[in-house]
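The following note is intended for a colleague who is meeting this structure for the first time.

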Amino acid sequence: MVRYFTRLRVRRIYKWGGRPYIFDRKLKSYGFEYLNMSVEGQEAVTTVTPGQYILIEGNDDEYPFVAKLLKFFGDESHKQKKALVQWFLRLSEVPQNKKLLLGRSPHPQEIFYYLGRACDNEINAESILGTVQHVPEDTPFPEPGTKDTLYVKLSWDTKAFNVLDPVLMQDTPASTPPKPALPLFPPCASPTATPVSRGPVRRALPTPDPTVMRRAGSVSDTRATMSAGKRSTLEAESIHSASKLSASKILSAKRRGSAADTPGVRKKLQLSPGKKMTRADVLCELLDEEMESEKVISLKLSSSVSHSLQHGCSLSPMRSVCKTPNGQRRFPWKLSSISLDRLSPTGYTLSILDSGTTGIDRVITLQIECLDSYAFLSSQRATTPSRRKESAMAIREPALGVLAEEDSEDSPMQPIALTPRSKRKSAQLVSLRIRKQLNLLDNTQKLFSDGDDDCFVPSMKALQSSTDEEKSEEETVVRKTRGRNGKTSARTPCKTPSKKVCMVTPSTPRHATPSIPSRTVPARQPGNILDEARARLHVSSVPESLPCREQEFQDIYNFVESKVMDGTGGCMYISGVPGTGKTATIHEVIRCLQHASDMDEIPTFRFIEINGMKMTDPHQAYVQILQKLTDQKVTADHAAALLEKRFSNPAPKKETTVLLVDELDLLWTRKQNVMYNLFDWPTRRHARLVVLTIANTMDLPERIMINRVASRLGLTRMSFQPYSFKQLQQIITSRLNKVKAFEEDALQLVSRKVAALSGDARRCLDICRRATEICEHSASHPSSTGLVRMSHVMEALDEMFSSSYITAIGCASLQEQLFLRAVIAEFRRLGLEEATFQQVFVQHRALSRVEGLQPISVSEGLAVCQRLGACRLLLLEASRLDMLQRVRLNVSQDDVLYALKAVRD
Amino acid sequence: MCTLSRQRKGSIHELVQMILRERFCHQRLPEKPVGMESQHKHLLELLRRTAVHGESNSVLIVGPRGSGKTMLLNCVLRELLEVKDVNKNVLPVHLNGLLQTDDRIALKEITRQLNLENVVGDKVFVSVKESSSRPVLFILDEFDLFAHHKNQTLLYNLLDVSQSAQAPVAVIGLTCRLDVLELLEKRVKSRFSHRQIHLLSSLSFIQYLDNVRSQLSLPQDFPDTKFYDEWNDSIKTLCEDQSVVDVLQRHYNSSKDFRSLHLLLMLALSRVSASKPAIKPTDLLEASRVCMVDSKANILHGLSILELCLIIAMKHLNDIYEGEPFNFQMVHNEFKKFLQRKSHSIHNFDKPVVMKAFEHLQQLELIKSMDSSTAKIQKEYQLMKLLLDHSQIMEALQKYPQCPTDVKQWAMSAFG
C-alpha cells in the first residue's frame, strides 16, 4: 500500500512535549511522552499522547485516516517527528469487491482493525490532524454527539474480515486486557472518553461534551446509557449464564464444585467463545475452601447491594475503613458496576467497570485477611467480566500480585503482603526491591511509599493519555482516583501467573528451600584503587555496557524483537568459543527488551533460561522449562506432554516466550527428541516461542543433529568470533571505567597475549586481576607507582600460562630424575616412545652405577615410577601389571633433557 | 626410689613418643608451613578476600604427593578462622574425589555439609544464588577425579557460580596432576580462573637435614627441662653422625617428600623405650633397612625349594626366549631336565604337585597370566610371564636359608 502523504492545508505547529524519556540506543532515537500541536493563529494547544486514537491527514478530507498512536519518537536532532501507529480502516478504504465479504450492512461509524502488513506503520508525526477529543472543531466528523464514536469489531487482513482477535489489541501498550472475548458492537455511543477506554474491543472516540467526565462517574447516567445497549443473543446468553454462575457460586460455598454444581451454567458458558472454560478452570483451581464464609458474606453483601441498588448505605461499615477521600466516590462506582453487570452488561463504560471492580476488590480486601482469599477474589473479579463479555475492559488474569499489593496498601500490617509492586519495573529494580524487602523488614513503611510511587508512574501515564482535558482543581481529585484504578488496569497486563508466583511471594522460596545462611558480617567494600579495579575486573561484575558486541547485540535484538512484535516464533543458533560473551550478550538483549516492554514499546514476553550443563539428564530440560513456565514440578515425560499441549494450543496468555538454551550440545540424546521438540515447538502456530540456543561449535547442527532436527533449527545462525586484542583492551578499559590502575602498555600486553591464545575475555580479566594482586604485593617497593606495570602482568601471565613440567622435573628427587633419564635412554635404545618398566629399570640401574649411586631395589624403583606417574610426567599403565607396565613420557624428550641439564649446571 | 624414677622415665619416653608421633602422623599441623611462604601468603590472601570482601575465586593447588598441599590449606584455613570476623562467616565444604565418586554423591555431601539436607539435586545451585549469603569454601581434594565425572557438571556449576554474581564461593582444588587443566572441558576451563599454586619443593639436602633435626627435637614447652636438653643434644649428635647422614642422603635422593621421611623416623622412634631413652644411629639404619627392603625378594625367601626351582626354570626360559611368555608345560620340561641332568638332592615330583606349586606362584603374583580368557585354554598351556627381575632372584637365592648348592649352581649357569 502507499505511504500516507501529508498535505498541509491549515498550518499546524508541532512540538514535542516532555523530556525525551528513552534513549533507544538501537535506533538512535528518542522517545517522547506527548506531542503538542497548535493551529496557527489559534490559542488552543492540543496534546497527543500514545494510546490515543488519532486522525491522520489523508487524501480524503472528510474521512481522514484513523489510527491508534503507539509511540512517538524522534531523531537526535529533534528535526524529524515520527510516530508509530496501528492503522484502522474505514469501510470506504476497503476495496469495493471485498466489501461484500462483510455480509451485512456496515455501521457508518464502523472501522476495522488493519491486520495487513503492507502499510507502513511509521508516520510523520506532523501529519497528525489531531485527536478527536481535543479539537472537535477540527475533526472532520460532521455529526456531533453520539456519531462521533467509531467502533471496531472486525479486523481486515486484506483478504477477509475476521473477528478481531483480542490478542491483536494486546500489543497496544499499557492497559490492554489480556483476555477480551468477542469485541462488542454497541450501536449507540457510550459516553466514555475515559482513560481506560483503550480497551481493545470497543474504541470510543469521545464527544466534546464536557459532561462526559461527570457522567463517567455517575451511576445513573451510565446506566441509562447502558440500558440502550443492544447485544447479540449469544452474548446475552453468556452474560446471563455468567451472572447465574456468580449467583450460584454465592449460594454454594463450594468453589471447586461450583462448575459441577451448575452444569447448565457451564454448558451455556461454552457458548461464549474465547477462553471461558479455562477461566473457569483457573477459577476453580484458585478457589480455596477455608475462606468461604467471609467471602460469601462479602459477596452477598455486594450482590445484595447491587440488587437493591442502594448506594453505599449497606456498605457503610466497610467504607469507614477507606481512608482515601475518594473512598466514597469509589463506592458508588462499585455498586454501579455490579448493578450494571446485571442489567445491561454491554453498555456501560470501561472506566466505571474498572473503578467498580477495584472498588469491590477493596471492599472485600478489607474483610478478608488471607492471601488465598485474594486469589479467589481476583479470579472472581477477573473471570466475571469475561463471562459477562466485558472483555473490552477486562482486567487481566487473576492477578495475585495486584491483589497482594492492594492488600498491602490497605492493611500494611500483613507481612505476607509485602510484595513487589509492579512487574513493570525492570528486572533489576524488582530484584533490588525484593532484596530490600527481605533485608529491611523493619523498613516496611518507607517501602510502602516507594511502592506506591512506583505504581503511580504507569498509572499517571495512562491517565495522561485520556484525561488531558481535565484541568480544574476539582477534577484533579477524580483524576487521582482514576489514577488508582488506572493503575490496576495499566499494571495488570504485565502480570503473568507464574512470574507472579515467584514475585509475589519472594519470601516463600526462602522458607521452602533452605538456603545458605546469610553472612553475619557484611562484606567489606574495596579499600584502595587496586581493590576497586579488582572488583570491577571480576567476571561476575555486570558491566554497564557490552562493548565490542554491538553488531551481535543488534542482530539478536532485532531477531527477538521482531518475533515478539509479530507474535511468531523462531529459532536462532549462536556459536562461539567460551568466553566470547554469548550468554552475556543475550542477557543484555533480554534486559533491553524487558526495558522496552516495560516502556510499552513491545508486548510483554517471558524469558526462560535453561542450561544443558546444569541438568543431570537432557530430559530434565522439559521439567525445568515447565517449572519456570508454570511453576509445576512433574516428571520429565509428563512435562514433555504438558509442554507439547501448551505449545500446540493457543496459550492462555498471548505472550511470547523467549527460551534461552545454553550449552545446547549437552541436550543431545540418541534419538535427539529433546532437541527436536525444542526446535519444533516454535514452528507451531500458537506457540509464540522464540528459542535461542548457544553452543561452542559452529557446525554443531551439521555434526550431531539428524536432518529433521537441523532443518527445524533453521539457518538463523550467528557466530561470535574470539575477541581481538583491541576488543579485549576495550573491554578492560570499559570495565575499569576510569579507575586508573593499569599502565597502557600493560593492558595491551595482556590483551595481545590472550587474543593470541584464546580470545577468551574471562582469561583476560583473570590475568588482570592476578596482576593487581602481584602489584599489591610488590607495592612495598618505593619505586612502584601503584599502577600495574608490565612486569606485574608478565608475572601473572607466566603464572597462568607457563607449563610447570620443567619446574617439576627440576624439583624432583635425584632418583626420579635418574629414572626419567633412564626412560629416555631406553626409548633411544628401542627407537620407540614406549618401554616396559622392566626395561627402563635395567637402564636405571646402569645409570645409577655410572652416577656412583647405590642401586635401588625394584620396589623402590616402582615407587619412583609411580610418583612420576602421579604427577603425569610419565604415563603409566595400570599398576597391577607391576614390572610389565608400559611407560611413556608425557613431556617431550627435549623438555626433559633441558630441565635435567638446567639442574646439573 | 628406683622404680619411681623408672616410672618417671617411662612416662617421659611415652610423652616423647606421643609428641613426635603426633608430628609424624600428621595429626597436628605444624606451626608454620616450611618452605612455602609465598604460596601460603597467596592462598591466605585469596581466601581472606573471599571471606571478607565476598569475592568469588577459584584456585588449584598442584604438587606431587606428600608435598604438603593439604597441610598448606589446613594451615591457611586455621589462620583464616582465627580472624574473628571470618570465623562465623565462612562455610567450608570438604569434598574428596575418592569419596564423592559422582556428582550425585557430591551434591548430597555438599548439602549435608551446608546443612541443607532437605534440598534435592540441582536446587543447591539455585539456593547458592543469593548473593548475600555467607561465603562458601569448596575444597575439592583429588580435584582431577572430579574432572572425570559425567560432563563435569559439578565443576561447571561450581566454577560458574564463582564467575557470576551469585553467592561468594571459593573453589579450591587439590591435585597432584600437573596436567590437570587439560582434563577440564573447554567450557569448564574457561570458567576456571587459571590460578595455580604449585608446591614443588626445591629443598636442598642441608635444609632436609635441618628439617630432620627440628622434626625430632622436642618442643620448648616440654615439662622436663633436663630430659629436654638431653634429648635435643642426642638428636644433634645423631644428625651429625656420618652413617645417619648417608642414610638420610639415600632417602633424600629417593624422595624429598616428608611422608617417607616421617615413616623412617617413626620406625626409629618406635625403638625408643625406657631403657633406651634416645635414638641411636643403629636405630635409624635398621629403620632405613626396613624401609628400603624389596618386597618381592622377601616373598621369595618364603617359597619352598620346588617353587624356587620353578622360578629358576622360568628365569632360564626368559633367558632363552628373550622374555617371551611361557606356559606350565615348558616350565615343567625345564624342571625335569634339571632333575635328570644335574640334581642330586631333589627328588622327582609328580606333575600335579608341580602344578600346585605353579598355581601357588600365580597366586603370589610372582607370575602373571597373559591371556585374558583363561577358561578356554587348559591350565598347562596358559601363557605366563615372570614378574621378577633377575637381580631379585639372585638376591633371594643368596639369602635363602639352606639352599642346595646344585640349585644355586643351576640358577647361576647360563641356559639351564
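1. By the ring-pairing rule, the count over all chains comes to 13 aromatic pairs. Rings of Phe, Tyr and Trp (its six-membered ring) pair if their centres lie within 6.5 Å; planes under 30 degrees apart count as stacked, over 60 as edge-to-face and the rest as tilted. The model is predicted: local features need pLDDT of at least 70 and side-chain atom pairs count only at pLDDT 80 or more, while totals for chains, interfaces and linings use all residues. Side-chain values use heavy atoms, with hydrogens and water left out; residues are numbered from 1 along each chain as its sequence is written, and chains are lettered from A in the order in which they are written.

2. A:Phe837 and A:Phe841 form a stacked pair, because their ring centres are 5.4 Å apart and their planes stand at 25°. The two residues are four apart in helix α33 of chain A, so about one helical turn separates them. Helices here are DSSP runs (H or I, at least four residues), numbered from the N terminus. Both A:Phe837 and A:Phe841 are buried, a term that means under 20% relative accessible area, with exposed over 50% and partly exposed in between (1.4 Å probe, protein chains only).

3. In chain B, B:Phe335 and B:Phe349 are also stacked, with 6.4 Å from centre to centre and 25° between the planes. B:Phe335 belongs to helix α18 (residues 328-341) and B:Phe349 to the loop between α18 and α19 (351-363), so this pair ties together parts of chain B that are 14 residues apart in sequence. B:Phe335 is buried, at 1% relative accessible area, whereas B:Phe349 is partly exposed, at 29%.

4. Ring pairs also join A:Tyr622, A:Phe647 and A:Trp681 into a cluster.

5. Turning to the interface, 73 residues of chain A are in contact (heavy atoms within 4.5 Å) with 85 residues of chain B. The buried area between the two chains is about 6,800 Å², and carbon and sulfur atoms give 50% of it. This quantity is the accessible area (1.4 Å probe) that two parts lose on being put together, summed over both.

6. Between chain A and chain B there are 10 salt bridges, each being a side-chain nitrogen of Lys or Arg within 4 Å of a carboxyl oxygen of Asp or Glu. A:Glu860 forms a salt bridge with B:Arg250, where the closest N and O atoms are 3.3 Å apart. On the side of chain A that touches chain B, the largest share, eight residues, comes from α29(A).
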